[in-house]
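Reader: I have not looked at this structure before. Can you walk me through it?

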Amino acid sequence: MHTYKKFLLAAAATLVMSANAMAAEKLRMGIEAAYPPFNNKDASGNVVGFDKDIGDALCAKMKVECSVVTSDWDGIIPALNAKKFDFLVSSLSITDERKQAVDFTNPYYSNKLQFIAPKNVDFKTDKESLKGKVIGTQRATLAGTYLEDNYPDVEIKLYDTQENAYLDLVSGRIDGILADKYVQYEWLKSKDGSNFEFKGEPVMDSDKIGIAVRKGDTKLRDDLNKALAEIKADGTYKKINDKYFPFSIE
């Protein structure tokens with residue numbers, strides 16, 4: 001009986017250790033879910049998009065079970081640091097300011113900033129031509145910072161989501177929008193975006209997008225980098241890219 005009890009105790013301990021190991025293999029990815037085609041919700045409320053597909057592919061390579069936690073854009077980095085989720089894959093530009101708050105993986109795509117405005121409007125993108133214009137952009141983004149730093153005479157209108165900026169553009173409450181080119185590209189193909197177009201050349205084409213982890217979470221960052229290299233090498237990345245864009249955004 002004594003030996004049997006020891007066996008039961010050993011078996012129970014093994015189960016606890018296995019359960020803890022399984023728990024450790026579960027990760028939560030943070031996503032805004034309001035930035036199509038990179039992240040959004042479908043008609044059923046499921047999170048979809050390029051970021052989600054990349055996150056799923058990375059989790060598959062790391063052999064971990066991942067779930068999605070959505071967060072408003074303004075609080076998405078504080079939510080990561082408050083341990084609401086484990087890593088952030090939501091089209092986050094790698095900037096020196098953000099590096100003070102989080103650690104980044106290698107870039108998983110490259111971005112450009114470009115203006116859009118109505119097709120029938122002579123809209124030049126130099127500082128003098130835009131003087132006095134009202135330009136919309138999403139709050140706490142690289143585009144917003146770029147406008148503040150480079151267009152001092154422009155009235156900048158900030159929005160909580162990109163979709164709300166588009167609503168004001170369609171209604172004529174703003175003259176144009178500066179945002180990520182590939183997000184704008186998607187919207188211009190829509191019914192609402194059909195009367196608008198890109199204006200001028202991209203004003204910035206060196207924006208690198210990374211996955212964020214909490215400061216000092218070196219193992220997770222390294223695991224994500226390894227998985228990212230693997231999905232690029234085996235064609236998974238290209239398959240996801242081609243699902244959303246007819247050109248490479250790598």
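Reader: How many helices and strands are in the chain?

Author: Keep in mind that this is a predicted model. Its chain has 250 residues. The elements in the chain are 9 helices and 11 strands.

Reader: What does the C-alpha trace span along its principal axes?

Author: The span is taken for the C-alpha trace of the chain, along its principal axes. The values are about 90 × 35 × 35 Å.

Reader: What share of the residues count as buried?

Author: A residue is buried when its relative accessible area is under 20%. The chain exposes about 13,000 Å². Carbon and sulfur atoms supply 52% of that area. Of the 250 residues, the buried share is 45%.

Reader: How do helix 2 and helix 8 lie, roughly parallel or roughly perpendicular?

Author: Helix 2 covers residues 50–62, and helix 8 covers residues 218–233. Their axes come within 9 Å and cross at roughly 105 degrees. Angles of 65 to 115 degrees count as roughly perpendicular. The two helices are therefore roughly perpendicular.

Reader: Which residues make the contact between helix 2 and helix 8?

Author: Both helices contribute to the contact. Helix 8 brings D223, L224, A227, L228, E230 and I231. Helix 2 brings I54, A57, L58, K61 and M62.

Reader: What covers the buried residues of helix 7?

Author: Helix 7 spans residues 181–188. Its buried residues are Y182, V183, Q184, W187 and L188. Their cover includes strand 7, helix 6, strand 10 and strand 11.

Reader: How far apart are the mean positions of the positive and negative charges?

Author: The chain has 35 positive and 38 negative charges. Their mean positions are apart by 6 Å.

Definitions and conventions:
Residues numbered from 1 in each chain as written. Predicted model: local features only at pLDDT ≥ 70, side-chain atom pairs only at ≥ 80, totals over all residues. Heavy atoms only, no water. Helix = DSSP H or I, 4+ residues; strand = E, 2+ residues; numbered from the N terminus. Buried < 20%, exposed > 50% of the residue type's maximum accessible area, 1.4 Å probe, protein only. Areas by Shrake-Rupley, 256 points an atom, 1.4 Å probe, with all protein chains shown as cover. Lys, Arg positive; Asp, Glu negative; His and termini not counted. Charge placed at Lys NZ, Arg CZ, Asp CG, Glu CD. Axes fitted to C-alpha atoms, helices over the stretch in contact; angles between N-to-C directions. Parallel < 35°, antiparallel > 145°, perpendicular 65-115°, else oblique. Contact = heavy atoms within 4.5 Å.
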